Amino acid sequence: MLPLSLLKTAQGHPMLVELKNGETYNGHLVNCDTWMNIHLREVICTSKDGDRFWRMPECYIRGNTIKYLRVPDEVIDKVQEDTKSRSDRKPPGVGRGRGRGRDEGPAGRQGKGIGRGVDDGAAKGGGRGRGGPAGKPSGSKGMNYQPSVYLTCWPQVV
Amino acid sequence: MAPPLFVGDVTLPLQFLDRKQSRTQSHAMLFFSYFKDLVGREVTVELKNDLAIRGTLISVDQYLNIKLENTRAVDQDNFPHMLSVRNCFIRGSVVRYVQLPPEGVDVDLLHDATRREARGG
Amino acid sequence: MSCIYDFSILSTTSLSCIRVSEMSAGTLESLVGQTISVITNDGRIIVGVLRGFDQATNIILDESHERVYSTKIGVQQLVLGLYIIRGDNISVVGEVDEELDASLDLEKLKAHPLKPVVH
């Protein structure tokens, strides 16, 4: 079973996401994609030290900032494995052989994976992204800096 | 005679790689093939969290992920965290050093392979 | 003057690039369904049953619990449940020898927590 299949199956379920910076996000999964980018609704964000909380109607988390996801136990029983689309689900960037694929062009960084709908979440907010509530502006990473969380409205302090 | 193209150039569809990528790939391949030749030997892998694990090298892959068997922490008193683990998979990205058996190093061969690569790059 | 490194690479990779990229996957395949102990980059140790993984070493851990080491009290076990752990946050995946594990007296085992990985 592929981790991303499990994640996809968890759509609509509550989950907890811990980011590498220690923040945790509790919310219901709306959608996800092959990069593990995820779109959550009805979210409560907890700071690294666990003493500050924010509520937000939705947020969009960049996959590569995730440390782990905690999913309800019953979700694993709901995963239906279809091996036929297995090749579509391979995470991007693995296997240099990509370019030789039958119908995947070399420009296929986007892949034709699951969960394109996720993009809508961030787009609704006019595409603007702000760092997470406690997000340090770690701009020192230069050009490679990417926000870990995109919001469509200001979070509300709880 | 021109030096033979290194493997990175031979096997990868070059049109999808820029020059820099193909070079880093071929470097990785040198170490990859080097480690493949060490399979079956006893090595010590020191991780970037200071944990050092000793065991028999079972396999290695293109990311230099390492599989060891009959593992034990080198300093079991301070690192009892893996006492019940006898074989393990180590992610290549967290390896700081691999201590090799002296007999597993053929200096001349490595020199030669490295020079080839420098020329080909 | 032949170099064995060149030959060994040619023999495996020229068959297919995909073969090579799937070798990494092959290494965890043997652990599916087994109890494993995962050391994460932030120094946590999570024990659970491996249900799946992918090429990026993302893994599914079922019935998992965290083992918290400290020098003051023995190992504390926290129930976690079903986890997806992202590959780039994983340091080591170890196969737990159930017999050895049962013989450990975790409540008396004291140690410093593992340090986080510093790249």
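How many residues lie between E1(A) and E2(A) in their hairpin? There are 4, and A:Gly22 in the turn has a positive phi of about 95 degrees. This is a predicted model, in which local features need pLDDT of at least 70, side-chain atom pairs count only at pLDDT 80 or more, and totals for chains, interfaces and linings use all residues. Residues are numbered from 1 along each chain as its sequence is written, while chains are lettered from A and ligands numbered from 1 in the order in which they are written.

**Strands within chain A**
- Strand E1 (residues 14-19) and strand E2 (residues 24-32) of chain A run antiparallel, joined by 5 bridges; strands are DSSP runs of at least two residues, helices (H or I) of at least four, numbered from the N terminus.
- A:Leu16 has A:Asn26 as its bridge partner in E2(A).
- E1(A) also pairs with E5(A), antiparallel over 4 bridges (pairing takes at least two DSSP bridges), and A:Leu19 is partnered there with A:Ile66.

**Where chain A meets chain C**
- Here 24 residues of chain A are in contact with 22 of chain C (C-beta atoms, placed from the backbone, within 7 Å).
- Helix H1 (3-9), strand E5 (66-71) and helix H2 (75-78) of chain A each supply at least two residues of this side, and E5(A) gives the largest share, 6 residues.
- E5(A) pairs with strand E4 (residues 76-85) of chain C, antiparallel over 4 bridges, with A:Tyr68 opposite C:Ile85.
- Neighbours of C:Ile84, not counting residues up to four places away in sequence, include A:Pro3, A:Leu6, A:Tyr68, A:Leu69 and C:Ile60.

How values were computed. Two residues are in contact if their C-beta atoms, placed from the backbone, lie within 7 Å.
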